[in-house]
Amino acid sequence: MRRYGKHTDEDDIRARPNRKGNRPRTSIRPKHEDAAEGMVLTVDRGRLTCLVEDRTILAMKARELGRKAAVVGDRVALVGDLSGKKDTLARIVRIEERASVLRRTADDDDPFERVVVANADQLAIVTALADPEPRPRLIDRCLVAAYDGGLTPLLVMTKSDLAPPDKLLELYGDLDIPYVVTSRDELAAGEAARRVQDHLDGKITAFVGHSGVGKTTLVNALVPEDRRRSTGHVNAVTGRGRHTTTSALALPLAGDGGWVVDTPGVRSFGLAHIDPSRVIHAFPELELGTVNCPRACSHDEPDCALDEWVAEGHADPARLYSLRRLLATRERKEGD
């Protein structure tokens with residue numbers, strides 16, 4: 001074995017060859033200060049369709065981002081071919097900080113959370129009043145996820161020609177949630193879409209609901225066919241009275257009226273990732289009364305300071321009941 005002394009010549013040192021033939025790794029990452037800004041419209045098997053100015057760009061995530069994934073609604077920075085021409089591919093090099101995040105888990109025992117939509121302003125929870133019957137526990141879970149993620153909820157009730165909305169409105173009246181009631185005839189005539197759009201202008205709104213409630217049919221009425229075609233993913237939202245959405249898809253409303261994000265129908269909405277302490281932010285008049293709560297208070301225990309706060313007249317008892325009902329959804333199954 002050859003050994004080197006103190007005075008070795010540079011030529012005597014042998015560098016170990018790089019078998020892969022690529023550049024050596026470095027912890028220094030490029031800044032990409034000239035990257036273009038874009039918004040993720042949909043994700044399909046590792047390829048992301050992004051809107052850059054008025055062009056849709058197909059892109060992939062840069063390796064330097066590691067395991068960090070981009071989702072629909074993310075604001076991203078892109079480099080590479082940004083022409084939007086066929087067979088071109090750009091690269092996402094940065095995902096900007098998110099203003100809001102709608103997350104869920106597959107069930108309450110699943111430790112892995114899934115980000116459904118980023119940067120949405122509003123969550124439209126679509127439920128039928130009949131056929132299928134309303135699922136209040138699922139609605140409650142969507143509300144908790146909205147409050148936790150920083151989204152404002154909107155309740156959209158369909159098929160009012162089959163059943164009245166009174167019972168459901170009574171259940172959620174104390175939460176002060178804006179709502180729209182529609183019928184099948186109104187949906188067919190376009191009136192339902194017009195009334196729903198009054199709540200969507202200027203906002204990014206994610207639509208959620210289980211299969212059969214008319215969610216995608218409503219989205220189709222809100223977004224004309226030519227605007228769906230402009231995203232390059234017409235087949236992702238076809239409607240026709242049945243659930244066909246297979247991945248989240250952001251669609252532009254007419255003019256500069258905002259965006260709707262159609263999401264796949266959900267059978268369950270797990271809340272394993274939810275921090276109960278964040279849900280109370282949606283109840284500002286109650287949040288003030290938590291100052292004297294014991295540490296890590298669940299707000300549904302004998303020493304909770306909210307009982308005294310409400311008894312002193314600082315908040316409506318119905319609001320405290322609603323808060324505790326929502327927090328309890330983490331402990332109840334949706335069918336209970």
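On a 1 Å grid over the protein atoms alone, a cavity is a set of points where a 1.4 Å probe fits but cannot get out, and lining residues have an atom within 4 Å of a point. A volume is the space filled by probe spheres set on the points, which are joined across faces, edges and corners. This is a predicted model, in which local features need pLDDT of at least 70 and side-chain atom pairs count only at pLDDT 80 or more, while totals for chains, interfaces and linings use all residues. Residues are numbered from 1 along each chain as its sequence is written, and side-chain values use heavy atoms, with hydrogens and water left out.

One cavity of 30 Å³ or more is present, and the largest cavity holds about 60 Å³ of space. Its lining consists of Ile125, Val126, Thr127, Arg135, Leu138, Ile139, Cys142, Gly209, His210 and Val266. Two or more of these residues come from each of β8 (122-128) and α1 (136-149); helices (H or I, at least four residues) and strands (E, at least two) are DSSP runs numbered from the N terminus. By class, the lining has six nonpolar, three polar and one charged residues, where Ala, Val, Leu, Ile, Met, Phe, Trp, Tyr, Cys and Pro count as nonpolar, Asp, Glu, Lys and Arg as charged, and the others, Gly among them, as polar.

## Nonpolar cores

A nonpolar core is a set of buried Ala, Val, Leu, Ile, Met, Phe, Trp, Tyr and Cys residues joined through side-chain atoms within 4.5 Å; buried means under 20% relative accessible area (1.4 Å probe, protein chains only). The largest core has 55 residues, and Leu123, Leu143, Leu286 and Leu323 have the most contacts inside it. Its largest share, eight residues, comes from α1. Apart from this core lies another of 19 residues, including Val156, Leu200, Val213 and Leu251.

Beyond its neighbours within four places in sequence, Leu123 is in contact with Leu102, Cys142, Ala146, Leu151, Thr152, Pro153, Leu154, Ala206 and Val208. Contact means heavy atoms within 4.5 Å.

## Cysteines

The structure holds zero disulfides, a disulfide being a pair of cysteine sulfur atoms within 2.5 Å. The sulfur of Cys297 has its closest cysteine sulfur in Cys304, at 3.9 Å, which is too far for a bond. Cys297 is buried, with a relative accessible area of 12%, and Cys50 is buried at 0%.

Notes. On a 1 Å grid over the protein atoms alone, a cavity is a set of points where a 1.4 Å probe fits but cannot get out, and a pocket is an open set with protein on both sides within 12 Å along at least five of seven lines; lining residues have an atom within 4 Å of a point. Buried means under 20% relative accessible area, exposed over 50%, partly exposed in between (1.4 Å probe, protein chains only).
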